[in-house]
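Trainee: Could you take a close look at the aromatic rings here, and at what surrounds them?

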Amino acid sequence: MAKVGRPPKYKTPEAMQEVIDQYFDSVRFERDDSMTYRPTMAGLAKALGMSRRALVDYAHKDEFLLTIKKARQEVEQALEEALYLPGVAGVIFNLKNNFGWKDQKEVTAKVSHDIADFSHLTDDEIRQRIKKD
């Protein structure tokens, strides 16, 4: 049975890289005497003429894996650098949803007695010790 579907838009990683480079160049602009850089995955996909889903699918093709990985790293780096600017809620949302970032909380529990101390006690004795603390 013959393959069904649209032929690939990019036949080589080099052809795709050329468009990626053009996209990254296009999102650099000067503002307030400093360089501003705002690449996005959706913008990259649009520049490549495909959906974000299609871009993800290209990353599963061995010959395009490194090309897409480098482009994703470029976008992630720009977003991470934007965390130093005020009003970063959208940047945080993007990093969590597109790059697997997450909030982590460390929880520490303080135990007043070593559990091994209770091994020889009856239930009533344990309750009395807990009440004392």
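Mentor: The charged end of lysine 61 sits over the ring of tyrosine 58, 4.1 Å from its centre; a charge counts as over a ring if NZ of Lys or CZ of Arg is within 6 Å of the ring centre and within 35 degrees of the ring normal. This is a predicted model, in which local features need pLDDT of at least 70 and side-chain atom pairs count only at pLDDT 80 or more, while totals for chains, interfaces and linings use all residues. Residues are numbered from 1 along each chain as its sequence is written, and side-chain values use heavy atoms, with hydrogens and water left out.

Tyrosine 58 also belongs to a cluster in which ring pairs link Tyr10, Tyr58 and Phe64. Rings of Phe, Tyr and Trp (its six-membered ring) pair if their centres lie within 6.5 Å, with planes under 30 degrees apart called stacked, over 60 edge-to-face and the rest tilted. The count of aromatic pairs comes to four.

Tyr10 leads on to leucine 48: leaving aside neighbours within four places in sequence, leucine 48 is in contact (heavy atoms within 4.5 Å) with Lys9, Tyr10, Met16, Val19, Ile20 and Leu55.
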